[in-house]
Amino acid sequence: MTGAPDVPVELRGCWRRNWIEFADGSRDETTFVIWLQLPSRMADVRVAADPSEMRHLMGLGDCSLDELRALATSESSSGYTTCTSLTTGDDRVRRATAEWFTRGHGVAFQPVSAYPEPGLLEWGDDPSTMIERAPSGAYVEEWQLIPGTTAPLEYHRLSPDTEWYLAGDMAVLVRDRPQPVPRVARLPELIAEAEGNRPVIEALLDCEFSVARRRADGRFVIEVSTLPWRHGQVLDVDFR
């Protein structure tokens, strides 16, 4: 239990980002982004590097330094969400404001978030499409609710450093790095400071956010991960 109030039902489920547009007019439609929202807890997975380029590798030890730097561009976190009640304006658009809390409440792949602002959320006539705006105007995002993900909604702590988030047919496995980061900074900055020290760099990146989908046989198979070689693996999760 987080102790936080539940978010509105309209926000619950697993959302896939269609695009993000920044204040300078640039637009990103290629980064893989999943936001899995439970009544309070959430997992957000953002993988920018092309994972297909590294799926043949066996682990961090097989990566070149350039590949390790590419892995450091991911932006993923878990924790909990708070959200105001929805209000409907004269334009029939329903609106709410959400905030996300990770530090001390979940796992952060990046020690410093690139998206620290609250989100101004909007729903029109289609409840499966949601617009998120940054109060500063820094970005606008469009999200699409993945069918079959509004129930069941479950959270399980599998071990002191491993979490399981479930939204219908989608799930996210989160595993924190065994060693804490030396200081709170973006991973590319910490990797540059390591000056090629592979044990230090690998420890920084030893943090897993794996998105899995339930197949017809009931098994969850990883589709995208911050550790690309996990692609296609079956998640055998024991809740006992």
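## Basis of the model

Because the model is predicted, local features need pLDDT of at least 70 and side-chain atom pairs count only at pLDDT 80 or more, while totals for chains, interfaces and linings use all residues. Residues are numbered from 1 along each chain as its sequence is written, and side-chain values use heavy atoms, with hydrogens and water left out.

## The open sheet

Six strands form an open sheet in the order E11-E12-E13-E14-E15-E16, with antiparallel pairing; strands are DSSP runs of E with at least two residues, helices are runs of H or I with at least four, and both are numbered from the N terminus. Two strands count as paired if DSSP finds at least two bridges between them. Strand E11 (153-159) and strand E16 (234-235) stand at the edges with a single partner strand each, so one side of each is left without a neighbour in the sheet.

Within this sheet, strand E12 (residues 162-167) and strand E13 (residues 170-175) run antiparallel and are joined by 6 bridges. Trp164 has Leu173 in E13 as its bridge partner.

Strand E9 (residues 129-133) is mostly covered, since 4 of its 5 residues are buried, where buried means under 20% relative accessible area, exposed means over 50% and partly exposed lies in between (1.4 Å probe, protein chains only). Strand E8 (residues 119-123) runs antiparallel to E9 and is joined to it by 4 bridges, and the hairpin between E8 and E9 passes through 5 residues. E9 is also joined to E10 by 5 bridges, again in an antiparallel arrangement.

Ile131 can be followed through both pairings: Glu122 stands opposite Ile131 in E9, and Ile131 in turn stands opposite Glu142 in E10. The hairpin of E9 and E10 has 5 residues between the strands, and in this hairpin Gly137 takes a positive phi near 85°.

## Helix H3 and its surroundings

In helix H3 (residues 198-205), the residues Ile201, Ala203, Leu204 and Leu205 are buried. The buried residues of H3 pack against helix H1 (65-71) and helix H2 (187-194), with contact taken as heavy atoms within 4.5 Å.

Pro199 also has its place in helix H3, but this proline counts as exposed at 61% relative accessibility. Pro199 and Gly61 are 138 residues apart in sequence, whereas their C-alpha atoms are 8.9 Å apart in space.

## The largest pocket

The largest pocket holds about 780 Å³ of space. Among the 35 residues that line the largest pocket, those closest to its centre are Ser77, Thr102, Arg103, Ala108 and Ser113. A pocket is here an open set of points on a 1 Å grid over the protein atoms alone, where a 1.4 Å probe fits and protein lies on both sides within 12 Å along at least five of seven lines, and lining residues have an atom within 4 Å of a point. Grid points are joined across faces, edges and corners, and the volume is the space filled by probe spheres set on the points.

Strand E4 (41-47), strand E7 (94-101) and strand E10 (139-145) each supply at least two residues of this lining. By class, the lining has 17 nonpolar, 8 polar and 10 charged residues; Ala, Val, Leu, Ile, Met, Phe, Trp, Tyr, Cys and Pro count as nonpolar, Asp, Glu, Lys and Arg as charged, and the others, Gly among them, as polar.

## Cysteines

The structure holds 0 disulfides, a disulfide being a pair of cysteine sulfur atoms within 2.5 Å. The sulfur of Cys14 is 17 Å from the closest cysteine sulfur, in Cys83, which is too far for a bond, and Cys14 is buried at a relative accessible area of 1%. Likewise, the sulfur of Cys207 is 15 Å from the closest cysteine sulfur, in Cys63, too far for a bond, and Cys207 counts as buried at 0% relative accessibility.

## Backbone positions in loops

A cis peptide bond joins Ala151 and Pro152, with omega about -5°, and Pro152 has its place in the loop between E10 and E11.

Arg92, in the loop between strand E6 (87-88) and E7, has a phi near 70°, a positive value in a residue other than glycine, and Arg92 is exposed with a relative accessible area of 59%. Glu195 has a positive phi of about 55° although it is not a glycine; Glu195 has its place in the loop between H2 and H3 and counts as exposed at 72% relative accessibility.
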